[in-house]
Amino acid sequence: MADSVAAEDQKFSLQEVLDTFKLCLTENKEVNLEQYVAGWRGLVKFLNSLGIVFGFISKDAVNKIKILVGHLEGENGSQFVTIQSMVKYELDNELVDLTEGGSHPESGCRTLLRLHRALRWLELFLERLRTSSEDSKTSVMCSESYNESLAQHHPWVICKAADVAFWVLPGRLAFFEVMNVGTPEQVVAMLGEVLPLISEVYQITEELYAQNNMLDLP
């Protein structure tokens, strides 16, 4: 019984991701960090549901989530309510390494930037899945999305390994099945709700980091 409950807890639900990202933005269009992390927990379930192919991304995301949770639950947790408050707090207190060799490798700003880049890849990939036809190759969609986003921040050896891994991805319907929504038409419709939310969160974060010259943190 315990095993079945644990397995159910690890089961991906696109509805869960939709609900979480709906809660991500405050009335002032700030990004709630706790909800952002919760959204990423759901996305990690999606990556893990497809086996080891996305393992290199999933494992890194889990590590970054743990670091951010540490900040949220730490003595300065009140400074990490939103991404905006986190950026202000860490910059004001010189807790962000703006150059190589600093003493804050696990700053919230640096950690979140890695998830931010991966979120762009997932957004691009899921959008391609949403608009693709039944016979479209998921390997091509995933590779193109990766090359437009994460690949720009990964060393050559990881890029080559990712390119090889993507070629063994299952077909479009297999991706739709793990989303646990219903028919392909229902999946497409729900992706149409989720992706604008993810895109808005991404764009707000991107602009915040650009304003503070932090898009290329080491």
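Student: How far apart are Asp 60 and Lys 64 in helix 4?
Tutor: Asp 60 and Lys 64 are four residues apart in helix 4 (residues 55-73), so about one helical turn separates them. Helices here are DSSP runs of H or I with at least four residues, and strands are E runs of at least two, numbered from the N terminus. The model is predicted, so local features need pLDDT of at least 70 and side-chain atom pairs count only at pLDDT 80 or more, while totals for chains, interfaces and linings use all residues. Residues are numbered from 1 along each chain as its sequence is written, and side-chain values use heavy atoms, with hydrogens and water left out.

Student: What does Asp 60 form with Lys 64?
Tutor: A salt bridge, with the closest N and O atoms 2.8 Å apart. The term means a side-chain nitrogen of Lys or Arg within 4 Å of a carboxyl oxygen of Asp or Glu.

Student: How many salt bridges come out by that rule?
Tutor: The count is eight.

Student: Back to Lys 64. Buried or exposed?
Tutor: Lys 64 is buried, at 12% relative accessible area. Buried means under 20% relative accessible area, exposed means over 50%, and partly exposed is in between (1.4 Å probe, protein chains only).

Student: Which residues does Lys 64 touch?
Tutor: Leaving out residues up to four places away in sequence, Lys 64 touches Thr 111, Arg 114 and Leu 115. Contact means heavy atoms within 4.5 Å.

Student: And where is Gln 35 relative to Lys 64?
Tutor: Gln 35 and Lys 64 are 29 residues apart along the chain, and their C-alpha atoms are separated by 15 Å.

Student: New topic: what about Lys 88 and Asp 92?
Tutor: Lys 88 and Asp 92 form a salt bridge, with the closest N and O atoms 2.7 Å apart. They sit four residues apart in helix 5 (residues 83-92), which means a separation of about one helical turn. Lys 88 counts as exposed at 54% relative accessibility, and Asp 92 counts as exposed at 52%.

Student: Which parts of the chain does the Arg 128 and Glu 144 pair link?
Tutor: That salt bridge has its closest N and O atoms 3.3 Å apart. The pair links distant parts of the chain, with Arg 128 in helix 6 (residues 108-131) and Glu 144 in helix 7 (residues 138-147), 16 residues apart.

Student: Which residues are joined into one network there?
Tutor: Arg 128, Glu 144 and Glu 148, through salt bridges that share partners. Glu 144 counts as partly exposed, at 37% relative accessibility.
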